[in-house]
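Work through the exercises below with the model open. Try each task before reading its solution.

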Amino acid sequence: MQIIRVNSVEMKLLFFACLSPNTGNNTTAERIRSHIESAGHVCELRDADEFQSTSEVSELISQSPPFEGALAIHLFRAGRLLIDAKIPFGVIFGGTDINEDVKEERKRVVMEQVLLKARFAVAFTEKMKKRAELFLKLSQGSKICVQPQGIQTQAAETFCWLEFLRSAGVSREHMDQLRVFLLICGLRKVKDPLYLAQVFSEWHAQNPQNILVIIGPKIDPSLTIEVEAVVKRTPGVFLAHERSQEELHAAMKRCFALVNCSISEGMSAAILEAMDLELPVVVRNIPGNAAIVRHQVTGLLYASPQEFIRQSERLLSDEDLREQVVKNGKQYVQKHHSPEQERETYQRLVGSLHCA
């Protein structure tokens, strides 16, 4: 990659994020690290869950040569580690911090302290910025920069679609004729992976070609056990093993639609990647999703399992609608989610950490 030097001073930076494999947080963190290092900085990415106290972080920061700045994705889970840091730092809202954690006073107090000490903060959407200002009592609104996620997709060159379906437990004739609705999510409560299971199974009984495949890392052990048990007794609903991003993109290109049923989202990379890959999206009508999906323009929104079926049936029967949302979704991502613009923003913000 060509090195773009936007600041004459090269820095050694510490970057905290929640790095469960094959999650949106992991992908986002790796992409941002790449942006920072392309400006000539050294950026060490560490899993926030590996640290228990700010004293551990202070010791890490002071190692030789010492870190000169820091970043964190998610104000509570990662940002709290930097409260006592003696170096300038910036934070990036993760989604659940602003949508869910602010509801708990203990967490909200910590996040207010983090935001107060941060040199800058990044929100993926204008709505996320306004929510942060409202709930975290931030008087300096200018500290928050709005920068949507940059999206760049790449499908694996060698990928076997039938093997992918068999690995999820699909076994029937004419698998190439199946209409696969793909739900990409880590198995944790906020993603609500079983929200559509029962109603989709009933729909599958009427239309056997329609199946729902859930895929994503097993983050919450107890929920994973529940999901596996429900899938076993729910016809038409399957659980696939997680895949690399390139394999997942290849699978998305063969599916009929991408599904999202999260309780809350910051900005779903899976939705944006589906749009970029020209896959229609049918997503739950929550603020994070509605910020990037315009109903009947770039995708379809639903507010209940029954409405999900109605919208999906429209997508099946109305080819013009399908073509419209695919075309508009692709154009939207190209216009508003440029990785080049994202790179410029983070390089500029990191450069500001060196300023007095």
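**Exercise 1.** Find the handedness of the crossing of α9 and α10, then describe how these helices pack.

Solution. 
- Step 1: handedness. α9 and α10 cross in a right-handed way (near helix turned clockwise from the far one by less than a right angle; anticlockwise is left-handed).
- Step 2: geometry. Helix α9 covers residues 245-252, and its axis lies 10 Å from that of α10, at an angle of about 55 degrees. Axes are lines fitted to C-alpha atoms over the stretch in contact, with angles from 0 to 180 degrees between N-to-C directions. Helices are DSSP runs (H or I, at least four residues), numbered from the N terminus.
- Step 3: class. α9 and α10 are therefore oblique to each other (under 35 degrees is roughly parallel, over 145 roughly antiparallel, 65 to 115 roughly perpendicular, the rest oblique).
- Step 4: contacts. Gln245, His249 and Met252 of α9 touch Ala270, Glu273 and Ala274 of α10 (heavy atoms within 4.5 Å).
- Step 5: The contact of α9 with α10 has three nonpolar, two polar and one charged residues. Ala, Val, Leu, Ile, Met, Phe, Trp, Tyr, Cys and Pro count as nonpolar, Asp, Glu, Lys and Arg as charged, and the others, Gly among them, as polar.

This is a predicted model: local features need pLDDT of at least 70, side-chain atom pairs count only at pLDDT 80 or more, and totals for chains, interfaces and linings use all residues. Residues are numbered from 1 along each chain as its sequence is written, and side-chain values use heavy atoms, leaving out hydrogens and water.

**Exercise 2.** At what angle do α10 and α13 pack?

Solution. 
- Step 1: α10 (residues 269-276) and α13 (residues 319-336) pack at about 115 degrees, axes 7 Å apart.
- Step 2: That angle makes α10 roughly perpendicular to α13.
- Step 3: Their crossing is left-handed.
- Step 4: Leu272, Met275 and Asp276 of α10 contact Gly329, Lys330, Tyr332 and Val333 of α13.
- Step 5: By class, the contact of α10 with α13 has four nonpolar, one polar and two charged residues.

**Exercise 3.** How many disulfides does a search of the whole structure find?

Solution. 
- Step 1: The search finds zero disulfides (pairs of cysteine sulfur atoms within 2.5 Å).
- Step 2: Check Cys18. The closest cysteine sulfur is in Cys43, 15 Å away, so the two are too far apart for a bond.
- Step 3: Check burial. Cys18 has 4% relative accessibility, so Cys18 is buried (under 20% relative accessible area; exposed is over 50%, partly exposed in between; 1.4 Å probe, protein chains only). Cys145, at 18%, also counts as buried.

Definitions and conventions: Helix = DSSP H or I, 4+ residues; strand = E, 2+ residues; numbered from the N terminus.
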